[in-house]
Amino acid sequence: MSAPIDPVIAGEALGCSEAPVLRERGQHEVFCGLTSIIWLHRKLQDAFFLVVGSRTCAHLMQSAAGVMIFAEPRFGTAIMEERDLAGMADMHEELDRTVDRLLARRPDIRMLVLVGSCPSEVIKLDLSRAAQRLSNKHTPDCRVVAYSGSGIETTFTQGEDNFLTALVEDLPAASASDAPNLIVAGALADVVEDQFQRLFDAVGIDDVSFFPMRNSNDLPRVGPNTVVALAQPYLGATAKALEGRGASILSTLTPYGEEGTTAWLTAISEAMGADLSALEAAIEMPRQRARKAVDAYRATLEDKKLFFFPDSQLEPSLARFLYREAGCEIVEVGTPFLHRKYAQPELKLLPADTHIAEGQDVDRQIDRARAAEPDLVVCGMGLGNPFEAQDQATKWSIELVFSPIQGYEQAGDLAELFARPLRRREKLAVPLPADDGRRHRIFGTSRQVGGAV
Amino acid sequence: MQLAVWTYEGPPHVGALRVAASMEGVHYVLHAPQGDTYADLLFTMIERNTKRPPVTYTTFQARDLGSDTAEIFKKACSEAVARFNPQAVLVGASCTAELLQDDPGGLAKTLDLPVPAIPLELPSYMRKENWGAAETFYQIVRGFCGGQRGDDMGNRPRNLCNIVGPTSLGFRNRDDVTEIVTLLESMGVDVNVVAPLSASPADIARLPQASFNVLLYPEVGDVTARWLEREFGQPTVRTVPIGVGATREFISEVAELAGVDAAPALENGHDRFSWYSRSIDSNYLTNKRVFIYGDATHAVAAARICSEELGFEVCGIGTYAREFARDVRSAAKKYGVDPVISDDHLEVEDAIIAAQPELVLGTQMERHVAKRLGLPCAVISSPVHVQDFPARYSPQMGFEGANVIFDTWVHPLMMGLEEHLLGMFREDFEFNDGAEPSHLAAHGGGSHGKASPSAQNDDQPAVDRYATMERDALKAVQRADDGAIRWTDEAETELRKIPFFVRGKARRNTEAYAANEGRNPITLDTLYDAKAHFGR
């Protein structure tokens, strides 16, 4: 006997969906939208992302990626220089020349993406116009699109949201007489896509497109019979644009954990008119596996207090998973941007006293985190080591964006990502650093190298 | 507009941030959008600092642009001073805020701050990281020493010096400082202040009390050292003690300025490098071709070590640091090669391929290039990577630095007898072009090394890719030139019997010889005539 599929939202509980949200407008210690290029450029195998920006943008890209260049990356930066800004060089002509050079070097590129940055936005460089002009010039070999990943408008994952939004207008139209089709929006690891595809096959949902697509020419159709399931919770603008093209957007949980994945697949199956008993049969084993896999970490995670710093907008969904399936206590859910409409199903499942914070004032949030004495702080790379040096366990949040965490088969991996730092601390029998790693002892003596030697 | 996939230097405000993060009691208020906060991870992740760098970003947003970004700056600045209580605050703008022209320096003045505010004007669209670090350090030193008078310094102890230039995120600066402080103290020379690394504003104000300055990193400290020279009559020790010869010169130069005896330090130095290099097993290092690229100081020092102390042949040298290009140009002239003055990593890669080195000394970027080409490589310069902050003591400067360099640069090379065996028994089926030196097997990680002969066709080893690239480059030249030189099949086959690590050189020499002698195509005889002509 298979377990019945849980209703998407149990009862009419409101959870913390009506709770007041702390909105902060201080220092935001977060990445800008350019950073999402790091996964987008690998997802789209024939696209090149050209940031039109400054040396800072280029430096960000290589530093945030945390890696050097193993294969030639399909991203780069057109660095604006003094002569461009002083008007000595026409910026559009310069850009055309840069693009010509780039496409000559990379004839395999089918889609060039111009990405706006803080400086290009501030000087109001019109990249959409440039994209149109360049598209006309390089068609049919390569089409050119533009979006903004600037840090004055976007935070981290919002870059992907803007990119997909820019693609929506190019999607071919489906008519009202076409059979329903499904768009799964949000970049997923290839392995996760393949798993979902198998489940869709099993329940007879055969017209499925993943968006972004692996190849730039495989654009999904969109029309009044299109159903959109968000695989990532940060796609508010994309959803709105798809809605504008007639599609209906599912309101459901993000597919994290057994519960989230089941709710997500059920909502899709219902909307697509698929056979729910076939779904139930197809997911019976995966659901059991997911529960078992998460249970393996429950002893480590249960009753642990978690504090989320804002990073990727995944935070409300992650908090729900950890609360509902791993038994964590959620102290604060910081998120760079709270898209109420799509976060609602998640918030309803969190306890009413969960503290939700949108935006950031990083110093105050650090004060709050210290006062709360959580067992685990989920934060970015700028804050992790300083917390650890003070004996505060942390989970490195960027890893959550760069790991396959969706779906049944990854539920255990997702729990493990949070359990690992806690288990590691139990294992290690080495002391904390006594001082800033840089101030160290002179070899053989006990004196510090310092200004006052 | 410059197309960049990889940059050797960040923007100038990152240089300023490095200086701020090096020091104690300084806070930097940077007018910048939220994305610029990525710079924190350079310190917390790459250098693994236990503290956040002392910086507050204003993180203004698009919606603020119409209203008042200046107010946002003022609020952030006041709050940062109140919260962090620094002895001095640096104020400036990153590239985006520079376009807003809010004038952080002027705004800070209106705040009536309880501590000095030092305005930084760092033109983001013209300058880069090292320039920004140098300018910031200079402004801080001017700010805290500016009021003092040089002629009041009459009774400075002769043996008291400052060390200027080391910074956070500098290549091995942490251990270099330890090594040089230890060396100076062993000579009876006292160190007054080390700056910027670990100095406070109060320490900076004490700089004029020393008799002379030791300039370890000209990229960051040169402007300041020159100013201190002019203002306080402090001479500068300019020899950067990287390598045995330079360290010995450094000791003599310091001894003369400090009025101490150089002999004990010269005699008692724990220099193993020199003997290792003289020992017979190092014979195989003779005239190995090495390509060098990095910041100017490390590149020039490396070239001297390679040429004079390891007996290598410098086959290329370059730098991304245009401000110091002159030093690299004169070094290039000395070694008879064309300098590569460029921050375009693709240009550097092309130069490496053209130079056909047997060893590459470069930055992390060249390490990747060398990996792709199947060449041994060691890192000698910034930009830094987490691996450039080793847990062990690992200086580049002084005698211990030279010992570290010997190990680091010689280790990636094929060992002497192994090289001979590969040369003698080329046709042993277990030797293939992908065969790695046995002591490096752990680093192999690729398709080669363990590949059985039959598997070779499936996966092209790195060195074959190198050979392919080399041939492609040659073909390009030949297309452009009707008098192209051809190889007979027999000669080409013979050439393949030469081990891959010298094959490029043999090919190039043979073709140069053939062109000179007007012999075309290249036959077996041409090949061996050329070998006799060039020798090794």
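Author: The axis of a helix is here a line fitted to C-alpha atoms over the stretch in contact, and the angle between two axes runs from 0 to 180 degrees between N-to-C directions. Two packed helices are described by the angle between their axes and the distance between the axes. The model discussed below is a predicted one.

The pair in question belongs to chain A. Helix α10 (residues 257-271) of chain A and helix α11 (residues 276-301) of chain A have axes that come within 9 Å and cross at roughly 165 degrees. Angles over 145 degrees count as roughly antiparallel, and α10(A) and α11(A) are therefore roughly antiparallel to each other. The crossing of α10(A) and α11(A) is right-handed.

On the side of α10(A), the contact involves A:Gly257, A:Glu258, A:Thr261, A:Thr262, A:Leu265, A:Thr266 and A:Ser269. These meet A:Leu276, A:Leu279, A:Ile283, A:Arg287, A:Ala290, A:Arg291 and A:Val294 in α11(A). By residue type, the contact of α10(A) with α11(A) divides into 6 nonpolar, 5 polar and 3 charged residues. An α-helix has 3.6 residues a turn, so residues three or four places apart point the same way.

Helix α16 (residues 345-355) of chain B packs with helix α17 (residues 364-373) of chain B at an angle of about 45 degrees, and their axes are 10 Å apart. The relation of α16(B) to α17(B) is therefore oblique. The crossing of α16(B) and α17(B) is right-handed. From α16(B), the residues making the contact are B:His345, B:Val348, B:Glu349, B:Ile352 and B:Ile353, and from α17(B) they are B:Met365, B:Glu366, B:Val369 and B:Leu373. The residues of this contact of α16(B) with α17(B) comprise 6 nonpolar, 1 polar and 2 charged.

The buried residues of α9(A) are A:Gly236, A:Thr238, A:Ala239, A:Ala241 and A:Leu242. They pack against α7 (158-168), β6 (181-185), β8 (226-230), β9 (248-249) and α13 (340-347) of chain A. After α9(A) comes A:Gly246, whose phi is positive, near 100 degrees.

A strand residue of chain A gives a further view. A:Ile356 is placed in strand β12 (residues 355-360) of chain A, and A:Ile356 counts as buried because 24 C-beta neighbours lie inside 10 Å. Neighbours within four places in sequence aside, A:Ile356 is in contact with A:Cys16, A:Ala19, A:Val21, A:Leu22, A:Val333 and A:Leu338. A:Ile356 and A:Val331 are 25 residues apart along the chain, and their C-alpha atoms are separated by 8.8 Å.

The two chains also meet. In this interface, 64 residues of chain A are in contact with 63 residues of chain B. On the side of chain A that touches chain B, two or more residues each come from α2 (55-64), β3 (75-79), α3 (82-85), α4 (91-105), α5 (118-122) and α15 (381-389) of chain A. The largest share of that side, 8 residues, is given by α2(A). The side of chain A that touches chain B divides into 32 nonpolar, 19 polar and 13 charged residues. Helix α15 of chain A holds A:Glu388, which is buried, with 20 other C-beta atoms within 10 Å. The C-alpha atoms of A:Glu388 and A:Leu432 are separated by 8.5 Å, although these residues are 44 residues apart along the chain.

A contact between the chains can also be followed from chain B. B:Tyr57 lies in strand β3 (residues 55-57) of chain B and is buried, with 25 other C-beta atoms within 10 Å. Apart from neighbours within four places in sequence, B:Tyr57 is in contact with A:Gln27, B:Leu30, B:Ala32, B:Asp36 and B:Thr37.

Chain B has 24 helices and 14 strands, and buried residues make up 51% of its 536 residues. The largest nonpolar core has 274 residues, and those with the most contacts inside it are A:Leu114, A:Val228, A:Leu322, B:Val254 and B:Ile292. Apart from this core lies another, of 6 residues, among them B:Trp487, B:Ala514, B:Ile522 and B:Ala530.

Methods
Residues are numbered from 1 along each chain as its sequence is written. Chains are lettered from A and ligands numbered from 1 in the order in which they are written. This is a predicted model: local features need pLDDT of at least 70, side-chain atom pairs count only at pLDDT 80 or more; totals for chains, interfaces and linings use all residues. Helices (H or I, at least four residues) and strands (E, at least two) are DSSP runs, numbered from the N terminus. Angles under 35 degrees count as roughly parallel, over 145 as roughly antiparallel, 65 to 115 as roughly perpendicular and the rest as oblique. A crossing is left-handed if the near helix is turned anticlockwise from the far one by less than a right angle, and right-handed if clockwise. Two residues are in contact if their C-beta atoms, placed from the backbone, lie within 7 Å. Ala, Val, Leu, Ile, Met, Phe, Trp, Tyr, Cys and Pro count as nonpolar, Asp, Glu, Lys and Arg as charged, and the others, Gly among them, as polar. A nonpolar core is a set of buried Ala, Val, Leu, Ile, Met, Phe, Trp, Tyr and Cys residues joined through C-beta atoms within 7 Å. A residue is buried if 20 or more other C-beta atoms lie within 10 Å of its own, exposed if 12 or fewer, and partly exposed in between; C-beta atoms are placed from the backbone.
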